Amino acid sequence: MEKIEISKLFKDGPMQATMRRATFDRLQIRPQVNYRGRTQDEVFFQKQDGANVEYEVVRRMDFEPEGVFEITAVYTIKRTLNDEFVGQDIDYRELLRTFTANDFNLLCGNVFSSMSLVISQLTQASNGIPMVSPPVYCGIAAKPENA
């Protein structure tokens, strides 16, 4: 599949981003255990209706080994395709595989910043210390390097 430039795929103009849900589960902290935090971002295309495209952005934060907390923030984004792409059979799953981290940031606008803010507010309310996640696309920590 030939890579489509993200800057050409959608019309310029506002995108509609809506927070769908945020979950926060506080977990047990075991003494003498070193925890390693993970941040994982994924994008899932949901549907296309004519020129309108809807996709979901999911950020998960957890720890290895399991403990401390687990957070998931989910946003739905709606955008409008440029006229030249309307009616084309675009394989969005395959298209996402060609994207760089910068492409994901362009695709999702300020949603990663919004997720970072929500996560820091939830963690601050839980233990008084806000955990600030990156305001940009993080990728998938569990994804193999060669994938």
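Thr-18 stands opposite Thr-76 in β4, a strand being a DSSP run of E of at least two residues and a helix a run of H or I of at least four, both numbered from the N terminus. The model is predicted, with local features requiring pLDDT of at least 70 and side-chain atom pairs pLDDT 80 or more, whereas totals for chains, interfaces and linings use all residues. Residues are numbered from 1 along each chain as its sequence is written, and side-chain values use heavy atoms, leaving out hydrogens and water.

Ten bridges join β1 to β4 (residues 69–80) in an antiparallel arrangement; two strands are taken as paired if DSSP finds at least two bridges between them. Within β4, Ile-71 is the bridge partner of Phe-24. Antiparallel pairing of β3 with β4 likewise extends over ten bridges, and Arg-59 stands opposite Ala-73 of β4. Four residues lie between the strands of the β3–β4 hairpin, where Val-68 adopts a positive phi near 70°.

The four strands form an open antiparallel sheet in the order β1-β4-β3-β2. Because β1 (16–26) and β2 (36–49) each have a single partner strand, one side of each of these edge strands is left without a neighbour in the sheet. By contrast, β4 is largely enclosed by the rest of the structure, because nine of its twelve residues are buried (under 20% relative accessible area, with a 1.4 Å probe and protein chains only).

Helix α4 (residues 111–127) packs on the sheet and touches β1, β2, β3 and β4, contact meaning heavy atoms within 4.5 Å. The direction of α4 makes about 155° with that of β4, where axes are lines fitted to C-alpha atoms, for helices over the stretch in contact, and angles between N-to-C directions run from 0 to 180 degrees.

Conventions: Buried < 20%, exposed > 50% of the residue type's maximum accessible area, 1.4 Å probe, protein only.
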